[in-house]
Amino acid sequence: MFHLHGAQDRLFGGALEQLRLHPGNAFLELALLLLACALAGGLFVRLRQPVLIAYIVVGIGVGPAGLGLVGAHEQIDLLAQIGVAVLLFAVGLKLDLQHVRHIGPVALATGLGQLTFTILVGLAIILALGRELLEALYVAVALTFSSTIIIVKLLSDKREIDSLHGRIAVGFLIVQDLAVVVAMMLMSALRDTGASDGVVLEVALSLAARLATCALLLFVLMRWVLPVVLAAMARSQELLLLFAIAWGVALAALGELAGFSKEAGAFLAGFSLASSPYREAMNARLTGIRDFLLLFFFIDLGARLELSTLGAELVPAVVLSLFVLIGNPLIVMAIMGWMGYRKRTGFLAGLTVAQISEFSIVFVAMGISLGHVGMQALGLTTLVGLMTITLSTYMILYSHPLYERLAPWLGLFERHRPWREIEAEAQPAQAAQADVIIFGLGRYGSRLLEQLRARRIQVIGVDFDPEVVRALQARGLPAHFGDGEDADFLDSLPLRQAGWVITTLPQWDSNRALLHALRGAGHTGHVAGCARDALHAHALAEAGVHPVFNPFDDAADHAARQLSALIPRQGVS
């Protein structure tokens, strides 16, 4: 802490005292906090970082570790609790039973394998750092959860959410979301009994009985009550949103009364509505409210942390951050390699678990409210979260250049014959004749494939998403599953015959790797490209790609030509 001396110190101290807010000025305090978060969030967005880090930094800055300006602790804490309840409600709302059934063996195996590895190895590391068993268990479990919100946003921004590694990542994120709720229920069941061996059986039986009761009650509500209530509420969008929040917060309160936790109750509330036809409407309208209320959770978290606590946890946080940043991706790569996936697929999917999430912090904060752990554990988890989220964000954003650098050393995580992807590629591409090969079969690429085929041009398409390939094949279109950056796969394509290669891949990094692989495979024909922004178009042109199409500009130009022919022109005086 800084010490004030002399007249300047008294002047500065007086000014600071005037700025310091009190509970009576709660409205003004919240207004200034929101303004500070908006400004800090703008800075962090420019740095391509999640805004939740900005909120924690603001909380530390205005809390006792910083300027000590926060006085409305009760108001902020209440908003924070509602925010956590809405967050867990939104998670439950996304877990449709149909979606859970289709998680897939690779997502299930990878998710459970990563959870088991991180808990066991993390627990050993934390115990070696001198922590008590219960605190070590809490932190080890917290290290297993990755941020669904951050990862889905990053993959969506990179247009990789529907790629093979994107689908697998979303699958094991669902496994993690289910695991965090189970962990919260198990730990909250130890609320009054502790974790001694003598009460484990009693706790397990009590938890099983309460879960069975909750399952029966939810079944009755989901089968006969909630459909009728939702149909009545859906007549008004405002009422539907109000009911969703009220239902989530109400079951959060009941969950705590039933001996679980507010978080578990809120999750079950969302899960009970996940199969309703109004799920998407509720989820879309809840997103902004969820993000706004969670802001107060992270402010409150930062405001409760002391610099002395954070300083004491710096070395353990660095050790655990390295474990999460390196260990979690490695175990995902090992499992996926063993299951027959290529090292590139495992690497890109593994990077998505190289951080802990907001759930990790919520989980440890719940442990504090239950009296299981102290602020020391929360400080440690928060530091690990700040470090891993910051670094892993850049790792995911620049995953393709990172893979290019590390690929020679990743062969250990790939079978000699990655059979799972080879089987998907086992098509008669070698015998196919093609004048044009299209890489990337999204909406633009698949439409281009269809139109060229209709004009009797010999064309084949390539995509790394097996579901897209199967859908196009079902329509009789010549689509092939494969990775354009893989030299072995390119050898199976008629590249020497093809006069044109067209890339519609959305990222410059992917296009750069494709162009390099094409040159290595001996392709000497023309390469055309598709870009959605000027920067990408310029990069393609500099690499020798010509022509470069822009779907939005081209569509607007085409529409203008058609409309000009239909709209009578007025004389110009």
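The exercises below, each with a worked solution, concern a predicted model.

**Exercise 1. The partners of β2**

Task: Find how many bridges join β2 to β1 and how many join β2 to β3, then name residues that stand opposite G461.

Solution. Step 1: strand β1 (residues 436–439) runs parallel to β2 and is joined to it by 4 bridges. Step 2: strand β3 (residues 479–481) is also parallel to β2, with 3 bridges between them. Step 4: on the β3 side, G461 stands opposite A479, while V462 stands opposite H480.

**Exercise 2. The crossovers**

Task: Determine the hand of the β-α-β unit that contains helix α21, and of the crossover through helix α22.

Solution. Step 1: helix α21 (residues 443–454) forms a β-α-β unit with β1 and β2, and this unit is right-handed. Step 2: from β2 the chain passes through helix α22 (residues 466–474) to β3, and this crossover is right-handed.

**Exercise 3. Burial of β2**

Task: Decide whether the faces of β2 are covered or open.

Solution. Step 1: side chains in a regular strand alternate between the two faces of the sheet. Step 2: one side of β2 carries V459, G461 and D463, and the other carries I460 and V462. Step 3: these residues are all buried, and both faces are covered. Step 4: 5 of the 5 residues of β2 (residues 459–463) are buried, so the strand is largely enclosed by the rest of the structure.

**Exercise 4. Two aromatic pairs**

Task: Classify the ring pairs F243 with W247 and F292 with F296, and compare the burial of their members.

Solution. Step 1: there are 10 aromatic pairs in the model. Step 2: the ring centres of F243 and W247 are 6.1 Å apart and the planes are at 15°, so this pair is stacked. Step 3: F243 and W247 are about one helical turn apart, because 4 residues separate them in helix α11 (residues 237–257). Step 4: F243 is buried at 14% relative accessibility, and W247 is buried at 15%. Step 5: F292 and F296 are edge-to-face, with 5.3 Å centre to centre and 85° between the planes. Step 6: F292 and F296 are also 4 residues apart, in helix α13 (residues 279–304), and therefore separated by about one helical turn. Step 7: F292 is partly exposed at 39%, whereas F296 is buried at 2%.

**Exercise 5. The cores**

Task: Locate F363 in the nonpolar packing and name its contacts.

Solution. Step 1: the largest nonpolar core has 144 residues, of which L143, W247, F298 and F363 touch the most other members. Step 2: helix α9 (residues 164–189) gives the most to this core, 14 residues. Step 3: beyond four places in sequence, F363 contacts Y138, V141, A142, F145, A183, M184 and M187. Step 4: another core, of 20 residues, lies apart from the largest one and includes I460 and V462. Step 5: ring pairs link F363 with Y138 and F145 in a cluster.

Note on methods. Residues numbered from 1 in each chain as written. Predicted model: local features only at pLDDT ≥ 70, side-chain atom pairs only at ≥ 80, totals over all residues. Heavy atoms only, no water. Buried < 20%, exposed > 50% of the residue type's maximum accessible area, 1.4 Å probe, protein only. Helix = DSSP H or I, 4+ residues; strand = E, 2+ residues; numbered from the N terminus. Pairing = 2+ DSSP bridges. Right-handed = clockwise from strand over helix to strand, strands pointing away. Phe/Tyr/Trp six-rings, centres within 6.5 Å; stacked < 30°, edge-to-face > 60°. Core = buried A, V, L, I, M, F, W, Y, C linked by side-chain atoms within 4.5 Å. Contact = heavy atoms within 4.5 Å.
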